[in-house]
Amino acid sequence: MNGSRGTSVDTPGETEETTDDPARSRYAWRVLSVVCLASLMSGLNNSSLTIALPAIVGSFDAGVFETTWILLAYQLTNVSLMVFFGRLADLFGRRPMYMTGVGLFTAASLLAGFAPSVGLLIACRVVQGIGTAMLITNSAALVTAAFPRRLLGQGLGIYMASFSLAQLLGPTLGGLLATEVGWQWTFWSNVPVGVVCLLWGLRVMERVPRRRQRLRIDLLGNLLVLVGLGTLLLALSQVGTSGWDDPLVLGCLAVFVLAVPAFLLVERRVAEPVVDLRTFRDPVVGIGTLAGFLATVSRFAVVLLMGLYFQAVSGDTPAEAGLKVLPVAVASIIAAPLAGALLRHIAPRTVAVAACAISLVGVTLLLFTISVDTPYPVLIGAVVVLGIGSGAFIPANSTAMLQDVPPDRLGITNAVRLMAQSSGVVISTAVALTLVAAPLPVALRPQLFDGSLSQVSPEALEDLVTGYRWAFGLMAVMSVLCLVASTVGRQVHAISRRAATTATTR
């Protein structure tokens, strides 16, 4: 269906199709099927690699630096280009931008499975990151524009559930594919899904008139995000082999330190900034963004770390490790809708504070119980507690941030929230991998990432456990800071509400 009914889908909420027209409702569900397919594809690929990584590393005999960038190249590209492609969609339209993203991701997945070297695999991951950025920045807007208002909540709920399903199935699927048919299929399995999604999307998604407005893209701001985050990640990935006094590490850290104030200065002066700093004038939003960033830094890498632990320490296959971490995703997925139900009766900031406290308990348990011979039920019990807190925090904190934002600031505020969380994903991955490998002798670090450490050097496992304690210790500190930020946010909101009530009654 290539008609042009309705208004442009370029801006969420601007569609005029808010009636109960059956044809329009059918179209909305078809658009949702395209978006969910693409989200499931990209989410499965990313989560499956957390378990399949040792198999990939072993196949290429990759070093620590290359191993880290198999993950970071995708994540850095995604977070750096997310807002850029959102702006670009205003010029070219969301439909062609979205379909291009699906095509790029599918083609990169096909080529990644055939990559003859780790360098080319990383290049394919960069292209996957570009495709994912095109998808993420347009998905919610396409759903919002397609659905009548009365069905929008249901449509967005199903769209978000596709990410949860990917997080649930990804580690187990990645482990099974890597063990039974080869790690290449963690990429090739995306191809048929991507082809179906592309053909179906081209068939059902409407062509709409482009918005006739001047396009303003903050090229310098986007470049500073890429340079700043990129140099920080380069320093973190290099420090494990070269040390903190290495000229490259020091130079990258210096560039990062200079890029941060330069970015803030640029964002204050451009018309369409990557990060609208006016958002932070509302302390409730600013504190909520900070809490979301800290929560992501403190929790995101847990599945990756536990997948490595079960393979490097216990000698599990990727399939066995994938099954062992499955309860984490289950706990998080169950906790999220339960938290949503609680939000009908309990203030979102109260739920967010409680979720932070639960996550802190989980990561603290991991910190004090991790060892070479810790029983699986003890470890997975701690991680499940962490997963419950993490799953409950995201909807609670997001609701707390967005519920009182004026409609004309809602899109900008949500973009800032997503970018903060995406930055937390990148930093969490880089820091966690650096810390767990740091106590190991340099010569043995590749054996951590290919899952063979217990076979090559059983005596080095105690050093590895020390690295895990460093990582979980830092996560505990981040969890404490997240709890403090959430508590302060709750108090600030209460004060502002009392002030508003007093002003109204006068």
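## Close-up views of a predicted helical model

Figure 1. Thr-172 lies in helix H5. The model shown here and in the other views is predicted. Thr-172 has a relative accessibility of 13%, so this residue counts as buried. The cut-off for buried is under 20%. Neighbours within four places in sequence are set aside for the contact list. What remains for Thr-172 is Gly-322, Leu-323 and Leu-326.

**Figure 2. The whole protein, for orientation.** The protein has 18 helices. The chain counts 506 residues, and 54% of them are buried. Contacts between residues at least 6 apart in sequence were also sorted by separation. Of these, 82% join residues at least 24 apart.

**Figure 3. Helix H1 against helix H7.** H1 covers residues 22-60, and H7 covers residues 190-204. Their axes come within 10 Å. The crossing angle is roughly 155 degrees. H1 is therefore roughly antiparallel to H7, because angles over 145 degrees count that way. The crossing of H1 past H7 is left-handed. On the H1 side, the contact is made by Tyr-27, Arg-30, Ser-33, Val-34, Leu-37, Ala-38, Met-41 and Asn-45. H7 supplies Asn-190, Val-193, Gly-194, Val-196, Cys-197, Trp-200, Gly-201 and Val-204. By class, the residues of this contact are 10 nonpolar, five polar and one charged.

**Figure 4. Helix H1 against helix H3.** H3 spans residues 94-114. H1 and H3 pack at about 35 degrees, with axes 11 Å apart. H1 passes H3 in a left-handed crossing. From H1, the residues in contact are Val-34, Val-35, Ala-38, Met-41, Ser-42 and Asn-45. They meet Tyr-98, Met-99, Val-102, Phe-105 and Thr-106 of H3. The contact of H1 with H3 holds eight nonpolar residues, three polar and no charged.

**Figure 5. Val-102 and its surroundings.** Val-102 has its place in helix H3. Its relative accessibility is 0%, so Val-102 counts as buried. Beyond neighbours within four places in sequence, Val-102 is in contact with Ala-38, Leu-135, Gly-194, Cys-197 and Leu-198. Ala-38 also belongs to the H1 side of the contact with H3. Gly-194 and Cys-197 are among the H7 residues that meet H1. Met-134 is 32 residues from Val-102 in sequence. The C-alpha to C-alpha distance between Val-102 and Met-134 is 8.2 Å.

**Figure 6. The Phe-60 and Trp-183 ring pair.** A search of the whole structure gives nine aromatic pairs. One of them joins Phe-60 and Trp-183. The ring centres are 5.4 Å apart and the planes stand at 55 degrees, so the pair is tilted. Phe-60 sits in helix H1. Trp-183 sits in the loop between helix H5 (149-180) and helix H6 (185-188). Phe-60 counts as buried because its relative accessibility is 18%. Trp-183 counts as buried too, at 6% relative accessibility.

**Figure 7. An aromatic cluster.** Five named residues make up this view: Tyr-309, Phe-310, Tyr-376, Tyr-468 and Phe-472. Together they form one aromatic cluster.

Definitions and conventions
Residues numbered from 1 in each chain as written. Predicted model: local features only at pLDDT ≥ 70, side-chain atom pairs only at ≥ 80, totals over all residues. Heavy atoms only, no water. Axes fitted to C-alpha atoms, helices over the stretch in contact; angles between N-to-C directions. Helix = DSSP H or I, 4+ residues; strand = E, 2+ residues; numbered from the N terminus. Parallel < 35°, antiparallel > 145°, perpendicular 65-115°, else oblique. Left-handed = near helix turned anticlockwise from the far one by under 90°. Contact = heavy atoms within 4.5 Å. Nonpolar A, V, L, I, M, F, W, Y, C, P; charged D, E, K, R; others polar. Phe/Tyr/Trp six-rings, centres within 6.5 Å; stacked < 30°, edge-to-face > 60°. Buried < 20%, exposed > 50% of the residue type's maximum accessible area, 1.4 Å probe, protein only.
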